[in-house]
Amino acid sequence: MRYLGQVVDYFRTTHSWNSYDNAAATVYAAVHYGVEENNGYWDGIGILLGDGDGSFLGYTTTNDFIAHEFTHAVTEHTANLDYFNQAGGLNESFSDIFAI
């Protein structure tokens with residue numbers, strides 16, 4: 001995960017936030033996860049990124065994608081928004097905003 005450290009450093013230096021839980025939790029990540037997995041996600045324990053059939057090739061090397069998934073972890077440990085209805089929309093929006 002080329003940019004994971006950069007994303008964690010951004011949260012620490014810009015927002016005084018230490019890891020996703022503000023308690024220095026170890027950040028786990030897996031690349032090439034699953035079979036033909038064309039997406040990435042935060043699963044409550046770590047960031048999982050597949051590479052599927054190659055149609056999503058390159059996303060594991062973009063800091064905006066990593067920041068989006070990492071922000072799902074931060075949101076879980078701060079606002080704990082359920083990923084459902086309006087709360088799910090807010091959860092997704094926060095991840096999009098921090099990805100930018």
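Guide: One definition to start: helices here are DSSP runs of H or I with at least four residues, and they are numbered from the N terminus. By that count, L90 sits in helix α3, residues 85-99. Keep in mind that this is a predicted model.

Visitor: Is L90 buried or exposed, or in between?

Guide: In between. L90 has 43% relative accessibility, so it counts as partly exposed. L90 also belongs to a nonpolar surface patch with F94 and I97. Together they have about 280 Å² of accessible area.

Visitor: And where is S95?

Guide: S95 is in helix α3 too. Its relative accessibility is 0%, so S95 counts as buried.

Visitor: What does S95 touch, leaving aside its neighbours within four places in sequence?

Guide: H68, T71 and H72 are its contacts.

Visitor: Switching to the sheet. What's the strand order?

Guide: β1-β3-β2, in an open sheet of 3 strands with mixed pairing. The edges are β1 (28-31) and β2 (40-42). Each has a single partner strand, so one side of each has no neighbour in the sheet.

Visitor: How much are neighbouring strands turned against each other?

Guide: By 10° on average, with direction ignored.

Visitor: In which sense do β2 and β3 pair?

Guide: Antiparallel, over 3 bridges, with β3 covering residues 46-49. For example, G40 has L49 in β3 as its bridge partner.

Visitor: Which helix lies across β2 and β3?

Guide: Helix α2, residues 63-78. Helix α2 runs at about 20° to β2.

Visitor: Now charges. How many salt bridges does the structure hold?

Guide: The structure holds 1. R12 pairs with D9, and the closest N and O atoms are 2.8 Å apart.

Visitor: How far apart are R12 and D9 in helix α1?

Guide: They are 3 residues apart, which means a separation of about one helical turn. R12 has a relative accessible area of 40% and is partly exposed. D9 is at 34% relative accessibility, so D9 also counts as partly exposed.

Visitor: Why would such side chains pair at all?

Guide: Side chains of opposite charge can pair when their charged atoms come close.

Visitor: Last topic. Where does Y3 sit?

Guide: In the segment before α1 (4-15). Y3 has 21% relative accessibility, and the buried class requires under 20%, so Y3 counts as partly exposed.

Notes
Residues numbered from 1 in each chain as written. Predicted model: local features only at pLDDT ≥ 70, side-chain atom pairs only at ≥ 80, totals over all residues. Heavy atoms only, no water. Pairing = 2+ DSSP bridges. Helix = DSSP H or I, 4+ residues; strand = E, 2+ residues; numbered from the N terminus. Axes fitted to C-alpha atoms, helices over the stretch in contact; angles between N-to-C directions. Contact = heavy atoms within 4.5 Å. Patch = residues over 30% accessible without salt bridge, like charges linked within 9 Å, V, L, I, M, F, W, Y side chains within 5 Å. Areas by Shrake-Rupley, 256 points an atom, 1.4 Å probe, with all protein chains shown as cover. Salt bridge = Lys/Arg side-chain N within 4 Å of Asp/Glu carboxyl O. Buried < 20%, exposed > 50% of the residue type's maximum accessible area, 1.4 Å probe, protein only.
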